[in-house]
Number of protein chains: 2
Amino acid sequence: MPYHHGNLKQTLLDAALELTAATGPRGFTLREVARRAGVSHNAPYRHFRDRDDLLAAVAAQGFDQLNGSMQRAARKATPLARLRRSGIAYVDFALRWPQHFAVMFDSPWNKSDYPECAAAAERCFGTLVAFVAACQAAGELPPGNTDEAAYRAWSLVHGIAKLANAGQFPWHSRARMLRFCAAALE
Amino acid sequence: MPYHHGNLKQTLLDAALELTAATGPRGFTLREVARRAGVSHNAPYRHFRDRDDLLAAVAAQGFDQLNGSMQRAARKATPLARLRRSGIAYVDFALRWPQHFAVMFDSPWNKSDYPECAAAAERCFGTLVAFVAACQAAGELPPGNTDEAAYRAWSLVHGIAKLANAGQFPWHSRARMLRFCAAALE
DNA sequence: ACCTGAACACCGTTCAAGT
DNA sequence: ACCTGAACACCGTTCAAGT
């Protein structure tokens with residue numbers, strides 16, 4: 001029974017990401033993660049407090065990926081077009097990685113217990129706020145409380161993403177879903 | 001060991017609703033429901049296919065209650081005010097019964113396996129569509145695809161509800177949350 | 001410091017009974 | 001028809017070890 005490699009933590013995270021994509025929050029099992037990483041079922045406790053702690057790490061990684069997607073989608077455009085494209089990118093991310101998206105928003109990690117995860121979520125929202133502020137500065141959105149306008153935009157795309165993943169919309173192709181999203185952001 | 005009363009099914013449903021309110025989808029356990037109903041841990045299988053089936057029944061009941069709340073909130077007002085009030089009622093319901101709301105939208109019951117639940121959700125959406133249609137007929141909303149307009153309104157309030165329950169907004173009182181919601185629906 | 005194996009108290013689900 | 005009790009294969013988490 002030899003010891004494991006030096007960086008079990010990263011191995012566990014990778015296995016957790018794979019398992020998340022495959023089965024979602026409900027099938028996410030500490031013992032299965034350990035199995036995939038090739039270690040005993042309680043080796044993870046050396047690196048994560050408990051199941052929720054590992055899940056929070058997965059969520060944090062998701063927020064960073066989402067943030068990257070939004071920023072990439074918004075390059076080279078007018079302020080309002082940037083805002084819209086980032087919103088479409090948000091929904092696209094949710095449709096492509098529904099299970100990861102569910103871990104990010106449906107797991108009850110609270111901000112005080114999982115500060116890293118909360119910080120990653122904050123960075124996402126910060127990106128949105130910056131886009132809204134640019135629109136207001138350019139006169140493409142009415143002036144006013146920037147945060148509230150950003151929360152409103154976030155709510156709209158988040159609702160579309162969630163309802164779509166819950167199967168509440170009648171459209172079944174991702175392309176059709178994104179067309180609806182684009183129209184809703186007009 | 002005497003037999004149980006005649007309508008164990010309703011007793012189980014009541015216990016399931018209580019347990020849902022207390023602990024949410026994650027703490028929802030078939031064995032705990034049976035315990036609260038005072039029967040053995042597999043008596044529920046006489047009345048529900050499995051855990052997800054009982055959960056779907058809980059969700060269906062939630063959709064009917066939500067529908068009632070939306071309709072009651074929308075009495076005696078102009079078409080546009082009815083639509084807005086029903087949207088605020090939607091968010092208010094989610095804030096008051098966060099766990100029940102989570103069971104309704106985060107459990108992966110699919111429409112084909114749980115037709116009763118899907119029908120209850122459809123009735124909710126139908127209420128929204130009727131309000132939107134009335135607005136269009138009265139010239140208080142621009143004409144166009146009624147369903148798409150309703151899906152857009154649904155997405156907005158659903159996103160507000162979900163993000164609020166996920167703790168992503170900075171406001172902590174329900175009153176403040178509903179003020180934001182009312183402003184977002186302007 | 002880092003990992004293992006046994007152990008405990010839970011699950012969902014199935015099956016052979018009992019009335 | 002409706003319910004019980006034992007059984008099976010899983011969990012998360014803890015604890016006493018091993019290297």
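This is a predicted model: local features need pLDDT of at least 70, side-chain atom pairs count only at pLDDT 80 or more; totals for chains, interfaces and linings use all residues.
Trainee: Thanks! So which residues of H4(B) meet H7(B)?
Mentor: From H4(B) they are Gly87(B), Tyr90(B), Val91(B), Ala94(B) and Leu95(B). Their partners in H7(B) are Trp154(B), Val157(B), His158(B), Ile160(B), Ala161(B), Ala164(B) and Asn165(B). By kind, the residues of this contact are 9 nonpolar, 3 polar and no charged.

Trainee: And at what angle do the two helix axes cross?
Mentor: Roughly 25°, and the axes come within 9 Å. H4(B) covers residues 79-96 and H7(B) covers residues 146-165. Angles under 35 degrees count as roughly parallel, so H4(B) and H7(B) are roughly parallel to each other.

Trainee: Left-handed or right-handed crossing?
Mentor: The crossing of H4(B) and H7(B) is right-handed.

Trainee: New topic: what rotation puts chain B on chain A?
Mentor: A rotation of 180°, with 0.0 Å of shift along the axis, and the RMSD is 0.0 Å. The two copies are thus related as by a two-fold rotation axis. Both copies use the same surface, since 100% of the contact residues of chain B recur in chain A.

Trainee: Which residue of chain B comes closest to that axis?
Mentor: Gly159(B), whose C-alpha lies 1.8 Å from the rotation axis.

Trainee: Which three residues of chain B supply more of its buried area than any other three?
Mentor: Tyr151(B), Arg152(B) and Gln168(B), which supply 22% of the area that chain B buries against chain A.

Note on methods
Residues are numbered from 1 along each chain as its sequence is written. Chains are lettered from A and ligands numbered from 1 in the order in which they are written. Side-chain values use heavy atoms; hydrogens and water are left out. Copies are superposed by least squares on the C-alpha atoms of residues with pLDDT of at least 70 in both. Contact means heavy atoms within 4.5 Å. Axes are lines fitted to C-alpha atoms, for helices over the stretch in contact, and angles run from 0 to 180 degrees between N-to-C directions. Helices (H or I, at least four residues) and strands (E, at least two) are DSSP runs, numbered from the N terminus. Angles under 35 degrees count as roughly parallel, over 145 as roughly antiparallel, 65 to 115 as roughly perpendicular and the rest as oblique. A crossing is left-handed if the near helix is turned anticlockwise from the far one by less than a right angle, and right-handed if clockwise. Ala, Val, Leu, Ile, Met, Phe, Trp, Tyr, Cys and Pro count as nonpolar, Asp, Glu, Lys and Arg as charged, and the others, Gly among them, as polar. Buried area is the accessible area (1.4 Å probe) that two parts lose on being put together, summed over both.
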